[in-house]
Protein chains: 2
Amino acid sequence: MTATQISTVLNSQALLDHWQGHRRLTRRVIEVFPEDKLFSFEVGSMRPFSEMVKEFLKMTEPIVHGVATAEWKEFGSSDLDSVRTKTELLRLWDETTEKLNAIWPTIPAHRFAEVDKAFGKWEASGIHTILYCIDNEIHHRGQGYVYLRALGIDPPPFWER
Amino acid sequence: MTATQISTVLNSQALLDHWQGHRRLTRRVIEVFPEDKLFSFEVGSMRPFSEMVKEFLKMTEPIVHGVATAEWKEFGSSDLDSVRTKTELLRLWDETTEKLNAIWPTIPAHRFAEVDKAFGKWEASGIHTILYCIDNEIHHRGQGYVYLRALGIDPPPFWER
């Protein structure tokens, strides 16, 4: 067994596919929320699920762009704050899906391991900044599942991507 | 840029460290729950957080053992069902931490990509079965955060591992 064999557990395309699978599930969670609850319902003084989704949108494309280019844009677009409909949220979601697919193959291989300061603030390797973004989506989407259950609505199965 | 460079975004040790970082956070979430609420509190007719933790314990070691050896044990130990104290849950958590560290380096490199039927049921590559296990922990732990907020308790910061 060589060092190269030992070190490779996940390739770039597989990670993108994994993430887009999670993003398809998040999209279904957005869809299943009644529109008014999406923007208003919360448990334990937490944010409505729409605000968590806006956070995902504020991070995803800028992080992949930053890892690809070492150029860190502002964290999130303030345009998102005014979004008040499910249709607009889903439109932005799909736009980010396309951007993610377009930027991903341009990430230079060395940038996954290279340590950088994401948004000039958070020091981590490219892969860890990307994993943080994916994990953050899984974490908050899990909270959206509790909101749906509290509303008496069945969320989509976690294993369906 | 070679194909090998393109394909490697995460090595085996980095993935173990990433998972153990998540597991340290989950341990802190268990610790911060008041013992009675850990075993009883729920939102929206979901399970108490202790039941989610038992699910993590039922999956983690058997999955890593299965990916390492292609031998699939029974899903989870029924001994877990009788656990009723936080101390015992944390003891089992730490035991699994040690087992994970011990088994992980024995995973043959080819097993991450090899497709197998986890527990004789779920067909996926080794890496995807492992990622499912990690993602499932993040997903349900996020639900534990909602329980804590609903109880008026501050959960540990998500980014601290």
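Helices here are DSSP runs of H or I with at least four residues, and strands are runs of E with at least two, numbered from the N terminus. Axes are lines fitted to C-alpha atoms, for helices over the stretch in contact, and angles run from 0 to 180 degrees between N-to-C directions. This is a predicted model, where local features need pLDDT of at least 70, side-chain atom pairs count only at pLDDT 80 or more, and totals for chains, interfaces and linings use all residues. Residues are numbered from 1 along each chain as its sequence is written, while chains are lettered from A and ligands numbered from 1 in the order in which they are written.

First, select residues 49–69 (α4) and 86–103 (α5) of chain A: their axes sit 10 Å apart at an angle of about 20°. That makes α4(A) and α5(A) roughly parallel (angles under 35 degrees).

Now show side chains. A:V53, A:L57 and A:V64 are among the α4(A) residues that meet α5(A), whose partners include A:L92, A:W93 and A:L100; being in contact means C-beta atoms, placed from the backbone, within 7 Å.

Next, bring in chain B. Chain A lands on chain B by a rotation of 180° with 0.0 Å of shift along the axis (RMSD 0.0 Å), superposed by least squares on C-alpha atoms of residues with pLDDT of at least 70 in both.

Finally, how many residues of chain A are in contact with chain B? There are 31, facing 32 residues of chain B. Select α6 (126–150) of chain A, as α6(A) gives the largest share of that side, 12 residues.

How values were computed
Angles under 35 degrees count as roughly parallel, over 145 as roughly antiparallel, 65 to 115 as roughly perpendicular and the rest as oblique. Two residues are in contact if their C-beta atoms, placed from the backbone, lie within 7 Å.
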